[in-house]
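I opened this notebook to keep track of what I looked up in the structure, one topic at a time.

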Amino acid sequence: MPRQIRSSRLRFTDYKDKRRRAGTRERVHDHVDAEREKKRSAKAHRSFTALGSRFFALLAGHRRTVLVSLLTLSASVALGLLLPLSTKVALDYVLTNNPGPSGIAQRLGVEPGALPSAKSLLWILGGAMVVITIAQILFAMWGRWQCTRITKRVQVGLRRRVFEHASKLPLSRIQAIKSGGVASVLREDAGGVGELIFGMVYNPWRAITQLGGTLVILAVIDWRLLVGALAVVPLIWVTHKTYIARIRPMFRDVRQTRQSIDAQATEAFAGMRVVRGFNRRQAEAARFTREGHFMARQEILTWWWTRGLEIAWQVIIPLASAAVLIYGGSQVLDGTLTIGDLMMFSAYLLMLLGPLEALVSSATNIQTNLAALDRVLDLMDEGQEFPGQEDLPALEPASVRGAVTLEHVTFSYPRARERGKTKVGGASEPLPPVLVDIDLDVAPGETIALVGPSGAGKTTLCNLVARFYDPSAGRILLDGHDLRGVQVESYRRLLGIVEQDVFLFDGTIAQNISYARRNATMDDVIAAATTANAHGFITKLEDGYDTLIGERGVRLSGGQKQRVAIARAVLADPRILILDEATSNLDTESELLIQRALDVLMRGRTSFVIAHRLSTIRHADRIVVIEDGRIREVGSHDELMAGEGRYAELVRMQTEVSRGAGGDGGAQEAGAREAVV
């Protein structure tokens, strides 16, 4: 039954209710089973300390530079703290006579007459302020440049690590995440983690050093004013406890929704032919819009919480300034403080409240970036496809004979990890077995044809041979060695795969063919294309081998894409060849030429061929009939036809279908016997 479409308003109302019930610690997403999410969130939640330690671990190799940057920042802040002092000097020692220039002379230990005039003193004071400001800017810019450079390096390095880790996840997990979701983590979340260098290190350090220096100076001026200024400090703890602990989960929810939108948009455009074919363009646009409205409502809710912090501090600063003016002005009137002291204290008070406001504001940015780090760590903490590969021996292609043995192989696909559908702890519940107790011994260089009805398990068997998955039970051997005992990357270098659903990259034809071999020359590419009967149509394209074919090869026909994929497999020069309906999209003439090329390619190589047409498998050394996940028959074409078993029955069924199609009965029967379901 199709899922009922709900408006973004109703979904947002439910989201706010779940948000209130969840409290400050848990994350809430749309379309999630609340109880399971609660259990998962309780386990997966990371504290601020845990996230901070993981972040600082990412700074390995950059910590010395960050430390030097913080030292230069401290020097810049210290120089900045000298500037308000110039206000007191100008008012009390130059412009007024309290104590006037004599006070400077007394401090310097010289006669008052030896000092320059008041105007000259102003010029000297102004020049000193300019020099201090320039030095402050130079120190600050150097440290900021270093941190900016490290930020970009951390972003690039983290994106590389996330990409590499995601590419090693189990195939079922990658399919569940979807390409748009991975792109969102790489672009948004990994980028936000890099910004933590400023949000959690650089900017807070500047605020803390300025805050500490200002407190010392205020204590020297008047300790009672200092006590009054410190009265606002508890407000930081209150606002953090009341607001900030709620903001990070909401930012995480926004990012989760954005990832879902990216994934849906990527999926819609990848399947645009289907979308248009079923006239679902407006429906997809409406779905995209609903998701966008829902995310906008989440973002507005988060905006109000963060603006609440800013409003609070926008009120606190004027109130504090007014209190200082009233108290300090009274002290000036009583003769306890000078005008210079009051003006200097007001300036330092603003320098005190400024860092406090900056700490609160940066705390908001820290929360969203920590939410990004939390999501990155969720992905990075997921188990890889085949862990512990580094300690396993690698295969040497020259020593591989190509004998493949399947011993009592049973396999069940893991259940897709949909939102709200996973087991507690992230484990996936397996589906019913696709293959059951498969025994098959393939000699080096032997060609095995796999036939049977759709869904019988033919492609799954080839996926196990390619080690996209490991058997749920039993084992697969290569030259007598269990595939689990060798490095999977070294094994896959021996493979050549051509599938029915051809995948080509957005690039040139030459780049797609040479993808099989890193150091391939143009002559190698042309030779492979010629073998695959692709050279002819390639040279007729506008730019030949440099023709851009678009995403997934959309500018090529189905048969042309198939031949480019075959050329890619030819160039790989594999020991083990897997052909999954490799000639399904070719016309009769091209199929004949390709089949001859494949006959040459398969010679001396262990080959697994899945095909519906008998013309592509009749020369196989053995034909394996698979049905309901089990091997029903094994033998050559003649042996199986003579045995009057399931294979012969499939051939006869196709013959009857062709007879019923009309036309020349003899020709129809002859053609039908060239096809097997």
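By helix I mean a DSSP run of H or I of at least four residues, numbered from the N terminus. The model I am reading is a predicted one.

I looked for a nonpolar patch and found one of about 300 Å², made by Val68, Trp142 and Trp145. Of these residues, I placed Trp145 in helix H7, which covers residues 118-167.

Entry on the cores. The largest nonpolar core has 49 residues, and I noted Phe55, Val162, Val193 and Leu373 as those with the most contacts inside it. Several helices each supply at least two residues of this core, including H7, helix H9 (179-194) and helix H14 (281-333). The largest share, 15 residues, comes from H15. I then followed Val162, which touches Val185, Leu186, Val376, Leu379 and Met380 when residues up to four places away in sequence are not counted. Apart from this core lies another, of 41 residues, among them Val502, Ala510, Ile513 and Val625.

Entry on the backbone. Most residues other than glycine have a negative phi, and I therefore wrote down the exceptions I came across. Arg467 has a positive phi, near 60°, and lies in the loop between helix H16 (458-465) and strand S4 (473-478). Asp479, which is not a glycine either, has a positive phi of about 55°, and its place is in the loop between S4 and strand S5 (481-482).

Are these two residues buried or exposed? Arg467 counts as buried because its relative accessibility is 3%, and Asp479 is buried too, with a relative accessible area of 18%, where buried means under 20%.

Key
Residues are numbered from 1 along each chain as its sequence is written. This is a predicted model: local features need pLDDT of at least 70, side-chain atom pairs count only at pLDDT 80 or more; totals for chains, interfaces and linings use all residues. Side-chain values use heavy atoms; hydrogens and water are left out. Patches are made of residues with over 30% relative accessible area and no salt bridge: like charges are joined within 9 Å, nonpolar side chains (Val, Leu, Ile, Met, Phe, Trp, Tyr) within 5 Å. Accessible areas come from the Shrake-Rupley method with a 1.4 Å probe; for residues, only the protein chains shown count as cover. A salt bridge is a side-chain nitrogen of Lys or Arg within 4 Å of a carboxyl oxygen of Asp or Glu. A nonpolar core is a set of buried Ala, Val, Leu, Ile, Met, Phe, Trp, Tyr and Cys residues joined through side-chain atoms within 4.5 Å. Buried means under 20% relative accessible area, exposed over 50%, partly exposed in between (1.4 Å probe, protein chains only). Contact means heavy atoms within 4.5 Å.
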